[in-house]
Protein chains: 2
Amino acid sequence: MSVRLTASFIVTTLALVHQGSAYAAPNQEPIQPIQAARVSNPAAVELGKALFFDPRLSKSGFISCNSCHNLSMGGTDNLKTSIGHGWQQGPINAPTVLNSRFNLAQFWDGRAADLKAQAGGPIANPGEMAFSHELAVTTLKSMPGYVGAFRKAYGSDEINTDRITSAIAAFEETLVTPNSRFDQWLKGNKKALTTNELAGYKLFKDSGCVACHNGPAVGGNSYQKMGVVEAYKASSPAEGRVAVTGKDADRFNFKVPTLRNVELTYPYFHDGAANTLPEAVDTMGRVQLGRKFTADENTKIVAFLKTLTGDQPSFKMPILPPSADATPRPQPFN
Amino acid sequence: MSVRLTASFIVTTLALVHQGSAYAAPNQEPIQPIQAARVSNPAAVELGKALFFDPRLSKSGFISCNSCHNLSMGGTDNLKTSIGHGWQQGPINAPTVLNSRFNLAQFWDGRAADLKAQAGGPIANPGEMAFSHELAVTTLKSMPGYVGAFRKAYGSDEINTDRITSAIAAFEETLVTPNSRFDQWLKGNKKALTTNELAGYKLFKDSGCVACHNGPAVGGNSYQKMGVVEAYKASSPAEGRVAVTGKDADRFNFKVPTLRNVELTYPYFHDGAANTLPEAVDTMGRVQLGRKFTADENTKIVAFLKTLTGDQPSFKMPILPPSADATPRPQPFN
């Protein structure tokens with residue numbers, strides 16, 4: 001223990017010595033490395049994974065959590081706005097589920113306090129999965145494979161909404177992406193980034209991006225107005241945080257999205273209006289910072305942003321328990 | 001080699017001795033075990049896996065091969081008929097992709113000679129993925145990650161429809177399900193099946209089911225009329241093989257579906273009209289064999305059918321290459 005304190009003391013001292021230099025020591029940085037997930041209930045995680053991939057939690061039997069938070073594609077659907085039951089067009093861009101455990105709350109307007117509260121939303125939303133919590137429980141109860149999985153995770157055969165959403169959240173808690181090149185750099189590997197990428201990071205800090213995009217998730221920890229300096233003309237009708245607080249001051253305040261894996265989570269913004277990173281960086285500079293980045297600056301910031309892509313969650317495709325004769329059948333067309 | 005010949009001779013001899021007994025030796029059975037997949041080009045299989053899961057081969061960016069041939073759910077969507085672009089209702093039940101390599105041809109009417117020819121169909125079908133082969137090529141060419149994967153699989157950067165469908169087929173060739181309890185029994189483990197399941201198998205053979213459902217895939221190797229003894233009132237407009245041959249005699253002739261993993265591939269028949277195995281067995285008995293199975297017989301046959309569930313393909317969820325700035329964007333709503 002004394003050794004560790006000493007080491008920490010040395011690092012701090014070195015950091016103070018280097019203060020003001022372009023590349024301060026990691027523990028002085030406004031962004032912290034992503035830690036690997038710790039799993040306390042592996043059976044709940046396995047159950048949650050199955051539920052996350054199971055389209056039988058939707059009325060159609062076609063839409064699962066993974067449909068819009070596709071873990072093959074950065075935990076998003078890469079669509080401007082999502083496709084819901086009956087091909088309904090969603091009002092807002094689907095945020096990534098990756099590293100969502102670091103968000104101060106869930107959804108763009110923060111209306112769900114945590115991942116468990118979030119998980120219940122889409123299942124019962126008539127514009128998304130269009131199911132009901134009651135039907136979800138009935139469906140899962142009918143399948144011996146699921147009954148066994150709930151027993152393994154929670155010690156009894158009981159299946160209820162609380163357990164369903166807890167299991168999905170337990171799985172989502174594991175969806176972190178450590179070991180990005182930026183994190184390798186933060187941890188001391190100075191060769192992990194190129195000069196260009198480091199210059200982009202300096203610009204990212206010096207221009208003020210980091211005021212909102214900080215912490216381990218490089219965002220996700222505050223609400224901010226979309227259009228601080230210049231009004232943002234959104235193609236989405238969503239008004240943000242005001243829908244939760246009722247306060248006029250919260251109009252167009254949205255949760256700052258994580259920039260982790262931002263290379264994978266296009267298109268950008270709550271309305272999905274920016275297709276590419278250069279476009280997103282340009283817009284952010286103008287409407288949030290009142291700054292027009294030059295082409296060279298834009299290129300450097302984008303180069304830095306691409307170093308935030310971490311190890312993607314790696315696991316075997318779950319094999320879902322088959323429906324039983326008594327399992328309610330999907331109703332995609334009525 | 002001489003040792004193997006000798007062993008084979010002994011088995012044959014033993015089988016002849018037991019001829020006429022209820023449970024003949026494996027090499028006398030009309031069903032053969034599923035063999036594990038042999039992979040000749042692993043890079044093509046990996047590429048094909050990515051393509052199989054990539055919704056960017058559809059106009060919407062939402063539908064992949066796996067949407068309707070979901071490998072978490074027996075290689076099917078478990079829907080009566082599938083959901084296509086814009087939530088269009090498909091005309092026919094999606095057949096399982098599992099063990100499809102054993103089919104004499106692909107699609108219910110056999111209009112594709114092989115898996116490669118099949119793979120091109122849904123991509124360009126306006127009622128399914130609603131894309132075009134040209135756009136698929138343009139999309140994949142725009143992504144460095146895919147260009148590298150094609151190079152690794154085929155030795156050059158060229159991306160064309162032939163290579164796309166070859167890779168998907170190479171992946172699908174690996175989607176076999178060996179080691180079912182029935183195959184364990186076929187290979188000599190007499191404890192692998194219960195008395196009830198064996199009685200079901202005997203009924204399956206003695207009633208004539210096996211006339212069409214035979215071979216390693218327990219089907220997939222012939223076209224047969226749906227409604228031999230009694231007309232079958234289908235809810236699907238599909239007329240089967242006549243659409244390919246133009247011959248009136250082929251009306252309502254469909255490819256006999258595999259019964260491998262039939263526990264997972266509900267609902268049943270080309271129109272997906274039978275939700276459960278007891279219902280499917282009852283209907284088949286009546287319309288194909290002119291036989292009304294008793295409840296006990298039905299139960300036994302269903303018990304046998306459930307022994308055909310093999311080891312499901314087991315692999316890590318592919319992580320797809322991100323779109324580049326130049327990649328055409330999905331058009332889900334226009």
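A salt bridge is taken here as a side-chain nitrogen of Lys or Arg within 4 Å of a carboxyl oxygen of Asp or Glu. By that rule, the count between domain 1 of chain A and domain 2 of chain A is 0 salt bridges. The model is a predicted one, in which local features need pLDDT of at least 70 and side-chain atom pairs count only at pLDDT 80 or more, while totals for chains, interfaces and linings use all residues. Residues are numbered from 1 along each chain as its sequence is written, chains are lettered from A and ligands numbered from 1 in the order in which they are written, and side-chain values use heavy atoms, with hydrogens and water left out.

In contact terms (heavy atoms within 4.5 Å), 22 residues of domain 1 of chain A meet 28 residues of domain 2 of chain A. The buried area is the accessible area (1.4 Å probe) that two parts lose on being put together, summed over both; for this pair of domains in chain A it is about 1,900 Å², with carbon and sulfur atoms giving 60%. Leu104(A), Trp108(A) and Asp109(A) supply 32% of the area that domain 1 of chain A buries against domain 2 of chain A, more than any other three residues.

Polar contacts also join the two domains. Such a contact is a pair of N or O atoms within 3.5 Å; within protein, one must be able to donate a hydrogen and the other to accept it, and residues adjacent in sequence count only if both atoms are side-chain atoms. Between domain 1 of chain A and domain 2 of chain A, 11 residue pairs are in polar contact (both at pLDDT 80 or more).

The next step is the meeting of the two chains. Chain B contributes 48 residues to the contact and chain A contributes 49 residues. Together they bury about 4,000 Å², 68% of it on carbon and sulfur atoms. Between chain B and chain A there are 0 salt bridges, but 16 residue pairs in polar contact (both at pLDDT 80 or more) are found across their interface. On the side of chain B that touches chain A, at least two residues each come from α3 (65-68), β1 (83-84), β2 (88-89) and α11 (277-289) of chain B. Helices (H or I, at least four residues) and strands (E, at least two) are DSSP runs, numbered from the N terminus.

How the copies are related comes next.

Some backbone details complete the picture. The peptide bond from Tyr266(A) to Pro267(A) is cis, with omega near -10°, and Pro267(A) sits in the loop between β4 (253-255) and α11 (277-289) of chain A.
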